[in-house]
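Visitor: I would like to learn how to read a structure such as this one. Please show me.

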Amino acid sequence: MNPQLLFWIPAALRLLLVIIGAGIVWAFFGPITGLAFAFLAVTVLAFLQLYYLNRLDNWLDNPESKKMPDGFGAWTDVFARLYKMRRDDERNQAELAEWLARFRQAMSLLPDGVVIMDDVLFLEWCNPVAQAHLGLDLERDKGMRVTNLVRHPAFMDYIILGRYDEPLTLTLRGRKLVAHIIPFENRRQILVTHDATESERIDKMRRDFIANASHELRTPLTVINGFLEIAAQPNLDPATRQAHIKLMSEQGQRMQNLVEDMLTLSRLESADLPLHAERVDIKALLEQIHREANVLSGGRHVISLTVTGPDIKGNVEELRSAFTNLVTNAIRYTPASGKIDLVWAETEEGPQFSVRDSGIGISPEHLARLTERFYRVDKSRSRETQGTGLGLAIVKHTLLRHNATLAIESIAEEGSVFIAKFQKNSIYYENGRLPEHKG
Ligand code: ADP
């Protein structure tokens with residue numbers, strides 16, 4: 001039935017009852033009593049309406065804490081509809097709160113910082129990454145102007161100029177940040193911050209590498225070109241020409257070493273090259289390296305080898321190149337009659353290969369940087385001994401691929417020890433046991 005009729009019919013019936021009642025009273029007790037009855041009945045009805053209006057008014061003062069009043073007549077319907085509206089409202093609010101919580105959780109998982117500000121840059125909300133990037137504290141700073149919280153001249157200029165179509169790069173709290181403001185909902189703005197420190201570092205490494213590699217290749221090329229000009233002279237005596245050819249071939253060799261080391265390094269670094277792990281016969285490998293070391297030393301050093309540790313899993317060619325690098329360095333940086341000890345042993349932490357020499361040693365300030373590409377303590381000594389400056393970088397990468405690390409201890413003028421530390425789980429087992437050693 002039409003709700004309007006449902007509203008009016010009971011009211012009309014009540015009025016009809018009053019009129020009928022008044023008519024009956026009029027018939028029995030005369031018109032004055034009949035009219036008095038009608039007046040009284042209408043007054044009672046009017047007070048009833050006022051009573052429910054008052055209850056509604058009371059309830060509206062504090063709808064949360066008070067019980068919804070019961071109704072009478074048309075009030076039943078009014079209260080029922082109000083009650084339904086309230087229930088719908090509560091459900092909507094709960095849904096909204098849940099959605100907001102989910103949104104905030106998603107925002108807090110983002111790798112980038114997100115700050116929500118109003119049109120005049122007052123902080124409304126930010127995620128934890130933004131707090132770390134910009135040094136904000138949501139509880140403390142909420143409602144404050146972001147320009148008062150992030151005090152950086154470039155950031156201020158960015159805001160003042162309002163050229164938000166381009167991101168801003170700034171260094172803040174030791175981080176390289178890319179910040180971008182995006183207006184939305186025409187009265188709000190989002191500030192997104194991205195930490196570019198790592199990609200900037202990699203970019204710089206790449207730039208430095210290209211600059212260093214070009215420089216390293218240019219030096220021998222300049223020498224070769226110079227010699228070629230001299231060698232081209234027709235009246236050059238054969239002995240001088242021979243000497244120049246020898247020097248040129250040395251420079252050629254230097255360039256070849258450099259290119260080979262660069263290729264090795266790039267191969268080691270290429271992420272999609274899987275490590276081919278197989279049993280590495282450490283004793284055979286180190287005995288061969290020991291023999292080659294004696295040839296390289298030409299009897300100028302006393303080189304010992306002790307192998308007591310187990311075989312490991314790994315890539316034999318990569319390990320050969322890394323171990324040879326360490327042993328070759330020991331020979332190159334140890335003056336004649338020095339001592340070099342090569343030891344493969346098992347320790348509490350896992351197997352280790354140590355190369356100890358009684359050479360020129362390294363001052364402490366250089367130790368941390370030795371594995372950087374092209375880092376050398378003494379450039380001329382490195383070049384004299386055909387060094388590329390990439391040897392220890394190759395060692396470090398090879399060990400990294402074997403889950404191993406390189407430790408360096410050294411005292412200037414006394415000697416150094418380079419230790420390749422492998423993990424226990426690198427040990428090669430056959431059916432759960434250490435294998436018999438091959439002949
Ligand atoms: P290089 O080709 O110059 O030897 P490396 O990367 O192998 O390059 O080594 C980097 C630097 O570390 C060397 O230039 C040298 O100064 C220092 N170094 C390496 N091994 C030793 C060592 N056994 N004794 C002293 N210094 C060393």
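This is a predicted model: local features need pLDDT of at least 70, side-chain atom pairs count only at pLDDT 80 or more; totals for chains, interfaces and linings use all residues.

Visitor: Where does UniProt place the feature "transmembrane region"?

Guide: UniProt positions are given in the numbering used here, with shortened feature names, and annotations may be inferred rather than shown by experiment. The unreviewed UniProt entry puts this feature at residues 7-29 and 35-53. In the model, residues 7-29 are 100% helix and 0% strand, with end C-alpha atoms 34 Å apart. Residues 35-53 are also 100% helix and 0% strand, and there the end C-alpha atoms lie 27 Å apart. Helices (H or I, at least four residues) and strands (E, at least two) are DSSP runs numbered from the N terminus.

Visitor: Are Ser337 and Glu413 buried or exposed?

Guide: Buried means under 20% relative accessible area, exposed over 50%, and partly exposed in between, with a 1.4 Å probe and protein chains only. Ser337 has a relative accessible area of 66%, so Ser337 is exposed. Glu413 has 73%, so Glu413 is exposed.

Visitor: How much space lies in the largest pocket, and what lines this pocket?

Guide: On a 1 Å grid over the protein atoms alone, a pocket is an open set of points with protein on both sides within 12 Å along at least five of seven lines, and lining residues have an atom within 4 Å of a point. A volume is the space filled by probe spheres set on the points. The largest pocket holds about 840 Å³. Its lining has 34 residues, with Asn325, Asn329, Arg332, Gly387 and Gly391 nearest the centre. H11 gives the largest share of this lining, seven residues. The lining divides into twelve nonpolar, 16 polar and six charged residues. Here Ala, Val, Leu, Ile, Met, Phe, Trp, Tyr, Cys and Pro count as nonpolar, Asp, Glu, Lys and Arg as charged, and the others, Gly among them, as polar.

Visitor: Why does the largest pocket lie between domain 3 and domain 4?

Guide: Domain bounds come from an automatic or database domain assignment. Domain 3 (203-268) and domain 4 (274-426) both give residues to the lining, so the largest pocket lies between them.

Visitor: Which residues lie nearest the centre of the second largest pocket?

Guide: They are Arg201, Met205, Thr371, Glu372 and Arg373, out of 17 lining residues. Six of the lining residues come from helix H8 (197-231), the largest share. The space in this pocket is about 500 Å³.

Visitor: Which residues have the most contacts inside the largest nonpolar core?

Guide: A nonpolar core is a set of buried Ala, Val, Leu, Ile, Met, Phe, Trp, Tyr and Cys residues joined through side-chain atoms within 4.5 Å. The largest one has 32 residues, and Phe323, Phe353 and Phe422 have the most contacts inside it. H11 gives the most to this core, seven residues.

How values were computed. Residues are numbered from 1 along each chain as its sequence is written. Side-chain values use heavy atoms; hydrogens and water are left out. On a 1 Å grid over the protein atoms alone, a cavity is a set of points where a 1.4 Å probe fits but cannot get out, and a pocket is an open set with protein on both sides within 12 Å along at least five of seven lines; lining residues have an atom within 4 Å of a point.
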